[in-house]
Amino acid sequence: MTTHGAEHPDESYQLSAADSAAVDRLISIRAEGSDTDSDPQAQAVEQLFGLLDTPVASERERSARINLAALSALRSQAQPLSQADQDAIDQWIDSGCEITDLDAVLGGRAGVLDGFRGLITTGAPTDPSNKADLVNRTLARIQTQIDADEAAYSLPTRGRGTMRFRLADLISIAAVLLIVGSIAMPVFSRVQTKSHQIACLSNLGTVADAFGVYAGSNRDTLPMATAGFGPTWMKVGSTPEQSNSANLYTLVRTEHATLNDLACPTNPDARTAESSPDAWDWHSIDELSYSYRIMPNGGLKMHASMPVRVVLMSDRSPVTLRAIRGIPIVPEENSPNHDHAGQHILKLDGSTEWLTNPLLESNDNLWLPRPIEQIIHQVRNRLGVIEGNEMPDGPTDAFVGP
Amino acid sequence: MPDFASQSDETVFVAFRDGNTDAYRELIERFHDDLLRFLTRLVGDRAAAEDIFQETFLQVHLSASTFDATRRFRPWLFTIGANKGRDFLRKKKRQRTVELSRPLKMSEGGTAFIDLLEVDVPPPDAAMDLSERDEMVQRALARLGEPLREVLLLAYFQRMSYAHIAEDLGIPLGTVKSRMHSAVAAFARSWQMVSKESTKRGDD
């Protein structure tokens, strides 16, 4: 079990103690007007400074990077080229990187430079489906931005009776959650019930095996109860076409796992025994202890090229729980299992992790799809959070505080 | 949908700016391979490069009104990509200790020139596993410091003159030249080392 959210290490480079001392000596030697003849290490540092032939102040946007880190990077690469090579590079660059007519003049050097360019600018061909996917994702991201810009100027109304999120709803939710998240974020008990965690983790291990066996006998596909969803996947206990949990329930139905394996001890309403042999799903969201990756239409096949970080299952999502109950979501809330202290996740490679917040790598929120994460991010950027220094917008603006 | 295939990047971009979303798809598809490879080379991580790719085009959209249509689109795009890549690297840069007091190999000592003619570069059609070569190039580039890697990649991917690079990066011409020399030398040395490691592994 590892803990997610380790802080990034400090972003600076560090000199060794000897080098730091040498820099200090060099500075004091220079201040005294002496030379560095008697101090080889200070000499080395002086040479290093000499490498920096750049007037620092003239560098736009990056003066901050001209520091000892950049110097040492230059130093570690300081291996000179012959004059002929330097000239070749200059001519080659200024000819627009063309070797025609130059190669004879430059005695084969342009060919080497062109070879480097070939190495660097070409590579294994891109899979056309990956390309289409990235192009579409990029366009969708830009469209999200355009929609968010437009939505910001027209206050949205909530949808009527539909379970689907509309963009307008999301903006509204995101705006509400700023207040919920910053003021009413409850101070949850940090006391962790260790035995519950261990039991839950053991469940995940059992279910990981069940996934493996299921996939092995179903042409590598993950459990799926239906070919696809209708208008929603949130109606637990309705029909498989409207409930993602029915997909997870497939493990029980096909006897790869028991309901008890899929019941976290922290959930008092968890169903632990089968009521009917024909059951397809849990009866209600309250009975569910774990959330399962939303299955795409047609299902998901496990294959070697899928990234290991794909999360298959986790302690139940507080976001869908709130959404189903029609209350504003708090994106960074932890699972209600384990006293909101964190959540277990089960990854594609069968490994488990305990996360103290729902943010994965690249701030990917476990509970939300990326477009919604982006909208929330944009709304927060645009509106900020309530900091306690806001004032009513004139006498008619109702705004009360603590 | 108009046929953009035969039109210049700048014409297509102006069409996008005037509200033609098909034009933007064309631009994104047109630069997909080059920009994604450039970003992957720069940050050394394909998944991160894909994120930065999206951010770059989002930024292009947000800054569309500032683009001077009399200039070239490609360098502008790559400069935005390089900025986004640099932001990413700054965030993830790890702490490390650099030992300055290793012996310096300065030219006046007559030591160790890199000679480009001695570097073994496989021709483009060489029978070599492309993904293996890709990985080797990535390893070789990873040994370069960020400023050198950036100038090398910008020069190679954009095929720009020194003057253009200097203007785009806002640094003096002489600096661009000396950085480019260092970058080529560093890459040549790094490539030699990676090739040697690879051959050694192959022999084991």
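Is A:Pro358 buried or exposed, and what is its relative accessible area? The views below answer this and describe other parts of the model.

This is a predicted model, in which local features need pLDDT of at least 70, side-chain atom pairs count only at pLDDT 80 or more, and totals for chains, interfaces and linings use all residues; side-chain values use heavy atoms, with hydrogens and water left out. Residues are numbered from 1 along each chain as its sequence is written, and chains are lettered from A and ligands numbered from 1 in the order in which they are written.

**View 1. The surroundings of A:Pro358 in chain A.** A:Pro358 is buried, with a relative accessible area of 0%; buried means under 20% relative accessible area, exposed over 50%, and partly exposed in between, with a 1.4 Å probe and protein chains only. The residue is placed in the loop between strand E5 (352-355) and helix H12 (370-383) of chain A. Helices (H or I, at least four residues) and strands (E, at least two) are DSSP runs, numbered from the N terminus. Leaving aside neighbours within four places in sequence, A:Pro358 is in contact with residues including A:Pro331, A:Glu332, A:Gln343, A:Asp364 and A:Trp367, where contact means heavy atoms within 4.5 Å. A:Ser317 is 41 residues from A:Pro358 in sequence, and their C-alpha atoms are 9.5 Å apart in space.

**View 2. Helix H10 of chain A and the residue A:Glu255.** Eight of the nine residues of helix H10 (residues 245-253) of chain A are buried, so this helix is largely enclosed by the rest of the structure. Among the buried residues are A:Ser245, A:Leu248, A:Tyr249 and A:Val252. Most residues other than glycine have a negative phi. A:Glu255 counts as exposed, at 72% relative accessibility.

**View 3. A positive phi at A:Asp339.** Although A:Asp339 is not a glycine, its phi is positive, at about 55°. The residue belongs to the loop between helix H11 (318-325) and strand E4 (343-347) of chain A. With a relative accessibility of 39%, A:Asp339 counts as partly exposed.

**View 4. An overview of chain B.** Chain B has eight helices and one strand, arranged along the sequence in the pattern α-α-α-α-β-α-α-α-α. Of its 204 residues, 51% count as buried. The chain exposes about 9300 Å², of which carbon and sulfur atoms supply 50%; accessible areas come from the Shrake-Rupley method with a 1.4 Å probe, and for residues only the protein chains shown count as cover. Among contacts between residues at least 6 apart in sequence, 65% join residues at least 24 apart.

**View 5. Helices H4 and H6 of chain B.** The axes of helix H4 (residues 73-92) and helix H6 (residues 146-158) of chain B come within 11 Å and cross at roughly 155°. Axes are lines fitted to C-alpha atoms, for helices over the stretch in contact, and angles run from 0 to 180 degrees between N-to-C directions. H4(B) and H6(B) are therefore roughly antiparallel to each other; angles under 35 degrees count as roughly parallel, over 145 as roughly antiparallel, 65 to 115 as roughly perpendicular and the rest as oblique. Residues that meet here include B:Phe78, B:Ala82 and B:Leu89 in H4(B), and B:Arg149, B:Leu154 and B:Phe157 in H6(B). By class, this contact has six nonpolar, two polar and five charged residues. Ala, Val, Leu, Ile, Met, Phe, Trp, Tyr, Cys and Pro count as nonpolar, Asp, Glu, Lys and Arg as charged, and the others, Gly among them, as polar.

**View 6. Helices H3 and H4 of chain B.** Helix H3 (residues 46-62) packs with H4(B) at an angle of about 130°, their axes being 9 Å apart. The two helices are therefore oblique to each other. Residues of the contact include B:Ile52, B:Phe57 and B:Val60 of H3(B), and B:Trp76, B:Ile80 and B:Phe88 of H4(B). The contact of H3(B) with H4(B) divides into nine nonpolar, four polar and two charged residues.
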